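Me: Hi! I've got a structure open and would like to talk it through with you. Could you have a look?

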Amino acid sequence: MRYFFPGISSRTLVLKCLTVLILFASVTTLIAQKDSVRAEVMILGSYHMHNPGADVFNVKAEDVLKEEKQGEIKQVISDLKSFNPTMVALEIKRGSSRDSLIHKEYQDYLKGHFTLDRWEGYQIGFRIAGDLGHETIYNIDEQGDFPFQKMLQYAESHGQSEWVDKQMKRMEKRMQEENASMQSKTIGEQLFQINLPENLEENHSIYVAGCQIGADEDFPGTDVLTGWYQRNARIFTNLYRITENRTGERILVIFGAGHAHILRDLVRSAPEFKLVEVNEFLTEGVSDAKTLLQKHLKSVEDKDSLTLKSTINMGGRYLLILPDGSTMNTAADFYNMHVGWFKEPGWTMEMNILEFSQAGETAQSTVEAIYREADRDGKPYFHKMWITYVLERI
């Protein structure tokens, strides 16, 4: 079941502008505009579909080459292609012999001479890049010092093994839960769950918890954490390197889920990049009203008509009352108005959920919308609206 914006009943307005307050219709100072970014970056944290067993803890992935799983992969690819990435970056060490091999394999794949194996870089990365006509893929991984065994040995010899046992049991329990989840969820649903911020935070917390191992001048647990940060910081540096002298790129980064927390933080902190939430595109995971509303609002901010359309019941009726009193009555009118509006240059919209409530099959939210134009009749323009959204499960 998914939530969509519903048709109108005699009692419910689907989207109604309740209040419009013109705060600064005429101001004399220019509104600061954000410089063009090098790239919008979407980070897909994934489980390793080919079961390499290379991590400290590993999930047991089902065979993604099975017919059923291939159908699920196709849905994930369809979802992520709506981001329209211009570059696909994979978890292969840049400049390595494996790097060269992957590039050759991709060229062979484009010519129809390479059969994709189970690795997520093949199944998702190659296929998206190929479908979108990319001439190449980008490998941005780096290796680093990760003295995990040294930390375990220190804990064992310094009376701190109880902590290690506790953390091991914690992670083993999590792996059991994820393995069970593999049996009941589609690949898209699984990836959506993995990339929920709270799950990425939980995944990262095990590295942070290791800082408790050590004493006095010994920092074996801290060394594990700093080694992990160093590797991910180097991966992030490679994002800078592959986007040097570029602007307006859209990069899909496909890495093991353990990397996602740090990479997201680094991208979010860099003025040259803009983080795009992958879960706004994984539609199989959108099963709650608030997530869908966030996706809808983000599509307006990004002027993304394709994503906007995926949140609308195109066969339903709408009532949109605009600030000037004019109305629109169909979903098609609502959508087409946005398509035309998105093509107009010079404006931005920031939308924030102020209040959200849900009861049964319906949900309601009050949203603050801040609209700006850098130049209207020679002056910057700004106004703020409050909009009520009503959503119904259909």
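Me: Is Lys69 buried or exposed?
Reply: Lys69 is buried in this predicted model, because its relative accessible area is 7%, under the 20% cut-off.

Me: Where does Lys69 lie?
Reply: Lys69 is part of helix H1.

Me: How far apart are Lys69 and Ile187, in sequence and in space?
Reply: They are 118 residues apart along the sequence, while their C-alpha atoms are 7.2 Å apart.

Me: Let's stay with H1 then. At what angle does H1 pack with H3?
Reply: H1 (residues 67-81) and H3 (residues 120-131) pack at about 50 degrees, and their axes are 10 Å apart. That angle makes H1 oblique to H3. As for the handedness, H1 passes H3 in a right-handed crossing.

Me: Which residues meet there?
Reply: From H1 you have Gln70, Ile73, Lys74, Val76, Ile77, Leu80 and Lys81, and they meet Gln123, Ile124, Arg127, Ile128 and Asp131 of H3. Sorted by class, the contact of H1 with H3 has six nonpolar, two polar and four charged residues.

Me: Changing topic: in what order do the five strands of the open sheet come?
Reply: The order is S5-S4-S6-S3-S7, with parallel pairing. S5 (138-141) and S7 (273-276) are the edge strands, each pairing on one side only. On average, neighbouring strands of this sheet are turned by 35 degrees against each other, ignoring direction.

Me: How many bridges join S3 to S6?
Reply: Eight bridges join them, and S3 (residues 39-46) and S6 (residues 249-256) run parallel.

Me: Which strands does H9 lie across?
Reply: H9 lies across S3, S4 (87-93), S6 and S7, and runs at about 160 degrees to S3.

Me: And how do the axes of H9 and H8 cross?
Reply: The axes of H8 (residues 220-242) and H9 (residues 257-269) come within 10 Å and cross at roughly 55 degrees. H8 is therefore oblique to H9. The crossing in which H8 passes H9 is right-handed.

Me: Which residues of H8 and H9 meet?
Reply: On the H8 side they are Trp228, Tyr229, Arg231, Asn232, Ala233, Ile235, Phe236 and Leu239. Their partners in H9 are Gly258, His259, Ile262, Leu263, Leu266 and Val267. The contact of H8 with H9 has ten nonpolar residues, three polar ones and one charged one.

Me: What about H4 and H8, how do their axes cross?
Reply: Those axes come within 8 Å and cross at roughly 165 degrees.

Me: Why are H4 and H8 described as roughly antiparallel?
Reply: H4 and H8 count as roughly antiparallel because the angle of roughly 165 degrees is over 145. H4 passes H8 in a left-handed crossing.

Me: Which residues should I display for H4 and H8 meeting?
Reply: Display Phe148, Met151 and Tyr154 in H4, which meet Pro220, Gly221 and Val224 in H8. By class, five residues of the contact of H4 with H8 are nonpolar, one is polar and none is charged.

Me: Where is the place of Phe146?
Reply: Phe146 sits in the loop between S5 and H4 (148-157). Phe146 is partly exposed, with a relative accessible area of 31%. In sequence, Phe146 and Thr226 are 80 residues apart, and in space the two are 8.5 Å apart, C-alpha to C-alpha.

Me: Over to S10 and S11. How many bridges join them?
Reply: Twelve bridges join S10 (residues 347-359) to S11 (residues 362-376), and the two strands run antiparallel.

Me: Last one, the overall picture. How many helices and strands does the protein have?
Reply: Twelve helices and twelve strands. Of the 394 residues, 48% count as buried. Among contacts between residues at least 6 apart in sequence, 74% join residues at least 24 apart.

Note on methods:
Residues numbered from 1 in each chain as written. Predicted model: local features only at pLDDT ≥ 70, side-chain atom pairs only at ≥ 80, totals over all residues. Heavy atoms only, no water. Axes fitted to C-alpha atoms, helices over the stretch in contact; angles between N-to-C directions. Helix = DSSP H or I, 4+ residues; strand = E, 2+ residues; numbered from the N terminus. Parallel < 35°, antiparallel > 145°, perpendicular 65-115°, else oblique. Left-handed = near helix turned anticlockwise from the far one by under 90°. Contact = heavy atoms within 4.5 Å. Nonpolar A, V, L, I, M, F, W, Y, C, P; charged D, E, K, R; others polar. Pairing = 2+ DSSP bridges. Buried < 20%, exposed > 50% of the residue type's maximum accessible area, 1.4 Å probe, protein only.
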